[in-house]
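Subject: Structure handover

Hello,

Here is the structure we talked about passing on. Please open it alongside this message; my notes follow below.

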Amino acid sequence: MDSPFGLLTELTYRCPLACAYCSNPLNLGDYSDELTTDEWRRVLAEARDLGILQCHLSGGEPLLRRDLVELVAEAHGLGLYTNLVTSAFGLSRPRAEQLRAAGLDHVQVSIQADEADASDRIAGTPSFRRKITAMGVVKDLGWPLTVNVVLHRRNIDRVAELLELAEEAGADRVELANTQYYGWAWRNRDALLPSRAQLDAAEVVVRAARERLRDRMDVLYVLPDYYSRYPKPCMGGWASRQLTVTPNGDVLPCPAAQSLPLPRANVREATLARIWAEAPVMTAFRGTDWMPQPCRGCDRRELDFGGCRCQAFQLTGDAARTDPVCHLSPDHHLVARAVEAANAGSPARDLPLIPRPHRGSPTGVPGAA
Ligand code: SF4
Ligand code: FES
């Protein structure tokens, strides 16, 4: 068993946006008993003792936590590299200055599209202009900026314009990540899954941009694994190097694992070190012993670890099956069928998106609006 090096702290699932591709859990009521500031402080200290080096402060929208500056200061004081993963919707200059003074190392801002109307429609909230302003503040204060775009059928044809926007914002890195179908995104999968023609066109643009921008901006492009022959090595292997702590203190190997029928482990009941080493939610799929065929006999098993457990569960109802994305999986037809549907008919076959209901507003949060 290795030590984890990355900690994703999901500080709250409250969020002023309502993206149709949101991967946060559906049962948000189960997470409303958020950890207190002192409980998060303890989690951060335990994480450092466990060997964690990087702390990603995420959500929902982490800016909605009134104690965000304190938590950043705590993590920074412990020597952790801190990354704020935010919509930037509530990132005012004064709040940003406080975060800078607290030692925040890096900011990742998500954008939904390159134009206000499309962006606001996808986000379910008028937010585009404020994001652009906030990205300016991030650069003014000298932070490295990553722009993150979740790609899907409705925005992937605008990859060139999205890259331009990131470039104009002065981003050091842009992550173009095709949607992962967990949480609310699963409900919208068929409306979000791009066609092969869309992906091919996007890839040409990305390749050219990488070449053109290679000295200025890293361009990371994550293909939708539905179109891959082999699955991704999700999280670098189950409970191998990454930990997630949800707003109420549940500890998971990845953010989507809350959907799996595994006993919960919570920082209110045990230390992070103990959970990492012993909790069934960590040990269930660690390593390769749990693997069924065809993974068990496959020479890629140490490369992709049988793919994604959450996706296997989502598609087959059994988290211990080979990820159906793999063309060797006996369940591969489940993925092939969705891909076939995404490529049938006209390219503009746009199914309606089911909007995610709103679940929190920045109103009344000091410095967030
Ligand atoms: Fe990976 Fe399993 Fe497919 Fe082999 S059979 S490539 S180990 S998912
Ligand atoms: Fe949970 Fe892949 S998202 S294992």
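Predicted model: local features only at pLDDT ≥ 70, side-chain atom pairs only at ≥ 80, totals over all residues.

Annotated span. An unreviewed UniProt entry places the feature "domain: Radical SAM core" at residues 1–215. In the model, that span is 42% helix and 18% strand, and its end C-alpha atoms lie 38 Å apart.

H6 and H9. Helix H6 covers residues 159–168 and helix H9 covers residues 196–213; their axes come within 9 Å and cross at roughly 30°. Angles under 35 degrees count as roughly parallel, so H6 and H9 are roughly parallel to each other. Their crossing is right-handed. H6 contributes Val159, Ala160, Leu163 and Glu167 to the contact, and H9 contributes Ala202, Val205, Val206, Ala209 and Leu213. Sorted by class, this contact has 8 nonpolar residues, 1 charged residue and no polar ones.

H2 and H3. Helix H2 (residues 68–77) packs against helix H3 (residues 93–102) at an angle of about 20°, with the axes 8 Å apart. H2 is therefore roughly parallel to H3. The crossing of H2 and H3 is right-handed. Val69, Val72, Ala73 and His76 of H2 meet Gln98, Leu99 and Ala102 of H3. That contact has 5 nonpolar and 2 polar residues, with no charged ones.

Ligand 1. The shell around ligand 1 has 14 residues, and the closest are Cys295, Cys298, Arg300, Arg301 and Cys326. By class, the shell is made up of 7 nonpolar, 3 polar and 4 charged residues.

Regards

Terms used
Residues numbered from 1 in each chain as written. Chains lettered and ligands numbered in written order. Near = placed C-beta within 6 Å. Nonpolar A, V, L, I, M, F, W, Y, C, P; charged D, E, K, R; others polar. Axes fitted to C-alpha atoms, helices over the stretch in contact; angles between N-to-C directions. Helix = DSSP H or I, 4+ residues; strand = E, 2+ residues; numbered from the N terminus. Parallel < 35°, antiparallel > 145°, perpendicular 65-115°, else oblique. Left-handed = near helix turned anticlockwise from the far one by under 90°. Contact = placed C-beta atoms within 7 Å. UniProt positions renumbered as here; feature names shortened; annotations may be inferred.
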